[in-house]
Amino acid sequence: MTTDARGHYNKTAGIYDMRHTSPSTQWLRGMESRAIKRHCTGRVLDLGCGTGYHLKRDYFGLDVSEGMLRVAGSKTRRLILGDIAA
C-alpha cells in the first residue's frame, strides 16, 4: 500500500465507520458477518481489518494504518500493524 493511502486511512479512521452506514453497506456487512459465523472457527486473522468491524475478542486483526488499529483496539488487543503484501 502506498504511503498516501496509509495517510488517508490514518486521517479518516475516527469517522470511517460513520461514513459507511448506508443501507447497502449495512447489507454487505451483514452478509460478511453471516459468512464469518458460518465458516470461521478457531483462530481467525482479519486481513485489512480497518476499524475492526468484524473483530471479536478472540480474533486477530492486521492493518497497515495505525489510526485504524487505534479504533479497532476497543474490540480486541490482538492487533498487528503490517502490510498484507509484505
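Two strands pair if DSSP finds at least two bridges between them. Helices (H or I, at least four residues) and strands (E, at least two) are DSSP runs, numbered from the N terminus. Aspartate 46 stands opposite glycine 61 in strand 2. The model is predicted: local features need pLDDT of at least 70, side-chain atom pairs count only at pLDDT 80 or more, and totals for chains, interfaces and linings use all residues. Residues are numbered from 1 along each chain as its sequence is written, and side-chain values use heavy atoms, with hydrogens and water left out.

**Aspartate 46**

- Aspartate 46 lies in strand 1, which covers residues 45-47.
- With a relative accessibility of 18%, aspartate 46 counts as buried; buried means under 20% relative accessible area, exposed over 50%, and partly exposed in between (1.4 Å probe, protein chains only).
- Leaving aside residues up to four places away in sequence, aspartate 46 touches His54, Leu55, Phe60, Gly61 and Leu62, where contact means heavy atoms within 4.5 Å.
- Phenylalanine 60 is 14 residues from aspartate 46 along the chain, and 6.2 Å separates their C-alpha atoms.

- Three strands make up an open sheet in the order 1-2-3, with parallel pairing.
- Strand 1 and strand 3 are at the edges with a single partner strand each, so one side of each has no neighbour in the sheet.
- From one strand to the next, the twist averages 20°; axes are lines fitted to C-alpha atoms, for helices over the stretch in contact, and angles run from 0 to 180 degrees between N-to-C directions.
- Strand 1 is joined to strand 2 (residues 60-63) by three bridges, and the two run parallel.
- Leucine 47 has leucine 62 in strand 2 as its bridge partner.
- Three bridges also link strand 2 with strand 3 (residues 79-81), again in the parallel sense.
- Glycine 61 has leucine 79 as its bridge partner in strand 3.
- Between strand 2 and strand 3 the chain passes through helix 4 (residues 66-72), and this β-α-β crossover is right-handed: with the strands pointing away from the viewer, the path from the first strand over the helix to the second runs clockwise.

**A charge over a ring**

- The charged end of arginine 29 sits over the ring of tyrosine 53, 4.0 Å from the ring centre; the rule asks for NZ of Lys or CZ of Arg within 6 Å of the ring centre and within 35 degrees of the ring normal.
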